[in-house]
Each structure stands twice: as structure tokens, then as C-alpha cells.
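Take a walk through this protein model, one stop at a time. Keep the structure open as you read.

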Amino acid sequence: MNYVALLPPVLMALFGCATLILDVLTRRHENRAWLAWFNLAGSLLIGLSLWRQWQALSAGQPVVALQDAIVIDGLSLFANALVWLSVVTLLLISYRYLDLVGEHHGEYYALALFAQCGMYFMAAGVDLIALFVGLELTSLSFYILVGFTRADRRSNEAALKYMLLGALSSAFVLYGFSLLYGLSGSTSLTDIAAAVKPDPFTTLATVTVVIGMLFKVSAAPFHFWAPDAYEGAPTPITGYLSVASKIAAFAVLVRLLTGPLAGAAAIWQPLLVFASIASITIGSIAALTQERIKRLFAYSGIAHAGYVLLGFIAGPPLGLQGIYVYLLVYAIMNGGAFAVLTSLRNHGIAGDDLTDLRGLSRKHPVHAALFAILLLSLAGVPPTAGFIGKYYILAALMRSGHITLAVLAAGYIVVSLYFYFRMIREMYLEPSEDRQPLAASLGVRLALAGAAAFTLLIGLFPQPALHGALTLLERNG
Amino acid sequence: MVVSALLFTVGVTGVLLRRNLVVVLMSIELILNSVNINLVAFSRVHHHLVGQAFALFVIAVAVAEAAVALGILIALFRNRGTVLADELDLLKW
């Protein structure tokens with residue numbers, strides 16, 4: 001038994017449960033924000049335990065646990081670090097928002113940590129059972145978090161739609177898992193890799209698993225839940241959902257498609273080609289007409305998922321490297337953008353409409369400028385990090401000979417410029433309406449400043465990020 | 001295998017075609033049960049217990065999922081007074 005591999009999820013579960021208990025014990029206190037700081041302290045410990053894993057990995061020790069059901073390698077550590085960043089962002093930006101919507105309960109933080117625990121097992125699991133349990137723990141926590149503002153009918157509706165389609169997609173994945181188990185007689189991914197051969201059985205298993213996972217990363221044509229869930233969920237949760245759950249699902253996809261299902265590439269490749277083109281097209285075009293910010297970000301997220309899928313088509317090693325860089329960049333810029341969106345919510349203002357951005361440049365010039373940087377990055381304009389992410393994916397695609405796909409994807413970047421610039425225009429050019437200042441807490445400022453700084457840093461000096469991606473690839477063997 | 005494939009198909013059809021959300025939930029449970037049949041059958045073919053253990057995990061998770069789903073459904077019903085899928089139209093573009 002290797003404690004290094006199990007320390008982070010144990011800490012997450014412990015702090016989650018402790019939050020629940022402390023919450024009940026201190027019901028009478030009005031101020032709940034300390035729960036956020038308590039969990040931030042917990043996150044610090046979790047971060048340290050992840051750091052400890054990195055050290056063990058650098059020293060070349062194999063880190064496995066639970067009878068080889070989970071393994072710490074470059075992929076899982078990378079995904080967990082990003083999820084960790086996303087949780088820290090969530091904790092920083094949530095407490096003010098929750099006070100404003102009047103739903104400040106300890107369960108919020110506990111569920112966020114339980115979801116993180118689930119994502120840990122998604123990223124680290126190399127056994128069908130561990131993967132499935134992680135996937136479900138994540139999804140169940142997110143269903144509740146999306147519907148957390150119980151009195152809000154839109155939140156109810158979002159939770160229900162997300163939950164139905166999420167459960168359906170989990171069932172698809174699970175059906176594929178049961179077939180894979182039947183094929184190989186084992187739930188370990190390495191044994192399955194040996195048993196995969198081209199027959200109808202494998203085809204069915206691959207198709208169901210891949211479709212289920214495409215649901216989870218909200219790739220078109222399985223994206224219908226995303227705009228609804230994103231719009232109805234509390235804004236910080238939308239950010240968490242759009243970053244962390246996507247990264248964990250992509251980690252599972254990388255694990256499956258480069259491992260056991262690598263032999264079935266002929267089956268999933270056309271599926272992914274279709275899904276990525278559809279995602280980029282639908283995401284970019286549907287975002288053009290949106291009036292609500294979170295819905296717009298949902299479609300932009302669908303398009304981003306499409307770009308990441310292109311990395312799978314390009315194949316290892318360059319495509320995988322592109323995926324790593326892209327996910328890193330996406331996590332940072334989307335996390336930062338949602339910090340801004342969260343602070344738009346104030347007394348009497350929902351902060352959902354594009355028009356709510358008006359006059360931001362005059363009232364809060366610093367926030368507006370940082371948000372503009374993040375938007376430029378999301379659009380993929382140099383010298384921001386978003387450009388580097390898209391560049392590596394497209395370059396990998398060109399190298400692997402998919403010129404048409406690359407040109408098509410690059411074309412849609414131009415389309416996406418329009419709707420990102422629309423937000424910038426609302427901020428800078430539209431006349432200011434009389435409105436209250438932003439509800440920007442200390443946490444939001446920290447998260448925003450950090451995200452914008454990293455976006456520019458990676459954009460201006462891409463070498464460290466690229467180097468990191470290469471190291472991760474090497475450790476993945 | 002055949003039984004489970006049939007159950008899977010019935011479940012997916014149910015999810016796609018039925019309006020009543022409670023029935024949709026039941027259909028999802030059907031899919032999960034088809035998976036269980038698969039797992040247990042395969043476990044018998046391969047002569048070891050891993051599949052059955054997996055099935056136990058699936059049952060536990062299915063129960064948790066049903067509980068969460070019904071909780072959300074009840075919250076929705078309190079606020080809206082309906083469980084029909086096409087009357088949920090607040091979120092549209």
C-alpha cells in the first residue's frame with residue numbers, strides 16, 4: 001500500500017466530511033465564509049500531497065495503490081493539479097456569491113471536495129471499477145451542485161436536465177465497460193489492451209464508451225445538456241463544471257484511447273473527427289447569437305472541447321502534447337473568466353446578460369482590462385496563452401497530415417473572434433448604465449489576477465509550458 | 001447477452017421517447033440493470049468473481065443516483081408542479 005498515492009483523495013474526503021460536521025455544529029453563526037477559508041487550508045494540504053507525488057514521480061518511484069487500481073503518472077498528476085487549481089479558484093470566488101444568493105451552506109464546499117475526490121479517481125484510475133466509481137462520484141456531486149440554488153427554478157431545471165443526460169451517458173460508458181470486461185475477463189486496463197482485437201464486440205464497446213465520454217466533455221452532437229446546465233447553475237459552479245469535469249473526462253479519454261483502445265483506433269477515429277468538427281462548428285456559430293453570458297461560455301466551451309478532440313486525431317506524441325498544453329491554458333483562462341462572471345452578480349442584478357457588462361471599463365478599469373486579456377486568450381489571439389494552445393494542436397494536426405481539418409479549425413477561430421470581441425465591445429464601447437459596483441471579493445481579485453498573469457506569461461514565454469508537457473509525456477510510459 | 005442487449009435498447013428508447021421524467025429515470029435504471037446482467041454473465045463465463053463485485057458497485061451507485069435524481073425531481077416539482085419533460089422550457093436559446 002502506497003500512502004503517497006492515496007493521501008490526496010483521503011484528505012479531500014476528510015475535509016469534505018469535516019466541513020459537513022463543522023457546518024452542523026456552527027449553524028447559529030451568520031458568517032459562513034470561514035468555511036471557504038477552512039477548505040482553502042485543506043486545499044493547501046492537498047496541494048502539498050500532490051507536490052509530494054511529483055517528487056516521488058521525479059525520483060522514478062512507481063506510485064500505485066489499491067492493488068494497481070490507481071496509478072500516479074504524468075497524466076493523472078497533470079489532471080489532478082489542474083483540478084486542484086480549479087477547486088482553489090472555486091473556493092476563492094464562491095463565498096461572496098453564495099451570500100448574495102442566500103444559499104450559503106457547508107454542503108456546497110463538501111460536495112465540491114467530493115467531486116474533486118471523484119475526479120482524482122477518474123484521472124488516476126487504471127481499472128474499470130475505479131474509473132466508474134470516480135466518474136459517478138464526480139457526476140453525482142455535480143448534479144447536486146448545479147441545482148444548489150433550490151429556490152431558483154432555472155437551477156432546478158438545469159440540474160434535472162444535466163442529471164438525466166449525465167446518467168444516460170454514464171450508463172453508456174458503463175455498458176461499454178461491461179463489454180470490455182466480457183472481452184478480456186479482467187477489469188484492469190493493461191489486460192484489456194491485450195485482449196482488444198477487431199471484432200463487432202470491440203466495436204460496440206468502443207462506440208458506447210466513446211459516445212458516453214463525449215457526452216461528459218460536452219462535445220457536439222452530445223452537447224445539449226451543456227448550455228442549459230451552465231446557464232442554470234450557480235456561476236462559480238459553472239466555472240468549476242466547465243473546467244474541472246472537462247479536464248477529468250479528457251484525462252479518462254486520453255487514458256482509454258492511448259491505452260486499451262489504441263488498437264481500436266480505426267473505430268473511434270472517424271467518430272472523433274465528426275465530433276470535433278461538429279463541436280467547433282456548433283460551438284462557434286451558436287455562440288454568435290447568445291444574449292446570456294453563461295450560455296455563450298457554454299458554446300465557447302463546446303468549441304474548445306472540439307479543439308482538444310483534434311489533438312486525439314493527430315495522435316501521440318505531438319497531439320497529446322497539444323492536448324496537455326491546451327488543457328492547461330483552458331483551465332487557467334476559463335477559471336479567470338468565471339471569476340469575473342461571478343462578481344457580476346450583485347444585489348438586484350443577475351449578471352447573466354451581455355448588457356450587464358456595459359460600462360465595466362469605466363467603473364472597474366482593472367477588472368475590465370484583465371477580463372479582456374482572458375477573452376483575447378480564449379479567442380486565441382497572440383501573445384496570449386490561448387494562441388499557444390491552439391497553435392500546438394493545429395501544428396500537430398498539420399504534421400500528422402490532416403491539413404483540411406486544420407484549415408477548417410483555423411477558419412472557425414476567426415468566427416469565434418466575433419463573439420469574444422462582442423463582450424469586449426460591450427465593456428468598452430457601449431454607454432454605461434447606472435448600476436452598482438462589482439461584488440468583487442478579495443478571493444475573486446486574487447483568482448482573476450492570477451489567471452490573467454499566467455495567461456500572459458504562458459503566451460509570452462511558452463517554453464516552460466511546452467517543456468512541462470514533454471516531461472509529462474515521458475513519465476507516462 | 002441477448003437479454004441484456006434487449007434491456008439496453010428498451011432503456012435507451014425509454015429515455016429518448018417518454019415525456020414523464022419518472023419514467024425516464026426508470027429507463028435509465030433499466031440500462032444499468034442490463035449492465036449488471038452483462039457483468040454477472042461474463043463473470044460466469046470467465047469463472048471468477050470480479051464481474052460480480054463490479055455489479056455490486058453498479059447497484060450501489062445506481063441507488064445513490066436514483067436518490068439524487070428523485071431529490072432533484074421533488075425540488076423541481078415543488079417549484080413548478082410538473083414532471084413532464086416538455087414543460088421545462090425556462091432555459092432555451
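**A helix, an arginine and some loops**

Helix α5 of chain A covers residues 128–146, and at 1.5 Å a residue its 19 residues should span 27 Å; the end C-alpha atoms are 27 Å apart, so the two agree. The expected span is 1.5 Å times one less than the number of residues. Helices here are DSSP runs (H or I, at least four residues), numbered from the N terminus.

This is a predicted model: local features need pLDDT of at least 70, side-chain atom pairs count only at pLDDT 80 or more, and totals for chains, interfaces and linings use all residues. Residues are numbered from 1 along each chain as its sequence is written, chains are lettered from A and ligands numbered from 1 in the order in which they are written, and side-chain values use heavy atoms, without hydrogens and water.

Stay with α5(A). Of its 19 residues, 16 are buried. Buried means under 20% relative accessible area, exposed over 50%, and partly exposed in between (1.4 Å probe, protein chains only). At the start of α5(A), a side-chain oxygen of Asp127(A) comes within 3.0 Å of the backbone nitrogen of Ile129(A).

Now find Arg255(A) in helix α10 of chain A. Arg255(A) is buried, at 9% relative accessible area.

Next, the loop between α8 and α9 of chain A. Pro221(A) sits there, joined to Ala220(A) by a cis peptide bond with omega about 0 degrees. Ser218(A) lies in that loop too. Its phi is near 55 degrees, a positive value in a residue other than glycine.

Is Ser218(A) buried or exposed? Ser218(A) counts as buried, because its relative accessibility is 0%.

Conventions: Helices (H or I, at least four residues) and strands (E, at least two) are DSSP runs, numbered from the N terminus. A polar contact is a pair of N or O atoms within 3.5 Å; within protein, one must be able to donate a hydrogen and the other to accept it, and residues adjacent in sequence count only if both atoms are side-chain atoms.
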